[in-house]
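Trainee: I would like to go through a structure that is new to me. May we proceed by question and answer?

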Amino acid sequence: GVELDGWLGGLRTRGADGELARIEQQPGALKDKKGKALKWRRLLGAWVAHVAAAACGLRLTSLLVGEDLSLRLAPVEPERARGILRGWLEGYAAGLNAPLPVAPDTAIAWLSAGDEEKAARAACETYEGGYQRTGEVEKSASLARQYPDFAALTADGDFQAWSQDLYQALLQAEIEELKEGADA
């Protein structure tokens, strides 16, 4: 019962077959301060547009250009994209009824950590913060009101499921770091 409507700008074509590419400039760095890990949250907007286009049947390559590097998001198969988009829309609908027990940075920390113990520790530190580190809960009044700490966020057991439904596809996406002068 949810209809998605929007505009997809920045499209370019290449070659005789009319291959589509979307170029998006990102202000700032796409990797963390150590230059090791991607700042996944910075990729979310481009990823949503990329998946929505694929769900509509467009075979699209997305190129993100940041201060420190450029990334190529490979095309997503339409059926897979429709499944991802369906999950997002279900999350949107559920979020209209009650706040979802999930926060983007915390979910990505949990999904990226590996084993269950490391995942819980990484997610808790991301959510609550620590020594000289602001937690995600401190950056959002709505999260602080509904889920004041990591224990409250995970109390009903839905945190892991929403994390996977909303963010796992991004972490599994085929993303290539482009080198200077490389042909995209």
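**Burial, pairing and salt bridges**

Trainee: Is K31 buried or exposed?

Mentor: The model is a predicted one. A residue counts as buried under 20% relative accessible area. For K31 the relative accessible area is 17%, so this residue is buried.

Trainee: With which residue does the side chain of K31 meet in a salt bridge, and which parts does the pair tie together?

Mentor: The N to O distance in this salt bridge between K31 and E177 is 3.0 Å. K31 belongs to the loop between strand 2 and helix 1, while E177 belongs to strand 7, so the pair ties together parts 146 residues apart in sequence. E177 counts as partly exposed, at 34% relative accessibility.

Trainee: How many salt bridges does the structure hold?

Mentor: The number in the structure is nine.

Trainee: In what order do the five strands form the open sheet, and which strands stand at the edges?

Mentor: The pairing in this open sheet is mixed, and the order of its five strands is 1-2-3-4-7. Strand 1 (11-14) and strand 7 (175-178) each have a single partner strand, so one side of each has no neighbour in the sheet. On average, neighbouring strands are turned by 30° against each other, direction ignored. The order is therefore 1-2-3-4-7, and the edges are strand 1 and strand 7.

Trainee: In what sense do strand 4 and strand 7 pair, and what is the bridge partner of S70 in strand 7?

Mentor: Strand 4 covers residues 70-73, and four bridges join this strand to strand 7 in the antiparallel sense. The bridge partner of S70 in strand 7 is L178.

Trainee: Which helix packs on the sheet?

Mentor: The helix in question touches strand 2 (19-25), strand 3 (60-65), strand 4 and strand 7. Its direction makes about 160° with that of strand 3. This is helix 1, residues 40-55.

Trainee: Why is helix 3 largely enclosed by the rest of the structure, and what covers its buried residues?

Mentor: Seven of the nine residues of helix 3 (residues 104-112) are buried, so the rest of the structure largely encloses this helix. Among the buried residues are P104, I108 and W110. The cover includes helix 1, helix 4 (116-128), helix 6 (150-154) and helix 7 (159-172).

Trainee: Which residues form a nonpolar patch on the surface?

Mentor: One member, L96, is found in helix 2 (residues 78-97). L96 counts as exposed, at 59% relative accessibility. Together the patch has about 320 Å² of accessible area, and its members are V2, Y92 and L96.

Technical notes: Residues numbered from 1 in each chain as written. Predicted model: local features only at pLDDT ≥ 70, side-chain atom pairs only at ≥ 80, totals over all residues. Heavy atoms only, no water. Patch = residues over 30% accessible without salt bridge, like charges linked within 9 Å, V, L, I, M, F, W, Y side chains within 5 Å. Areas by Shrake-Rupley, 256 points an atom, 1.4 Å probe, with all protein chains shown as cover. Salt bridge = Lys/Arg side-chain N within 4 Å of Asp/Glu carboxyl O. Helix = DSSP H or I, 4+ residues; strand = E, 2+ residues; numbered from the N terminus. Buried < 20%, exposed > 50% of the residue type's maximum accessible area, 1.4 Å probe, protein only. Pairing = 2+ DSSP bridges. Axes fitted to C-alpha atoms, helices over the stretch in contact; angles between N-to-C directions. Contact = heavy atoms within 4.5 Å.
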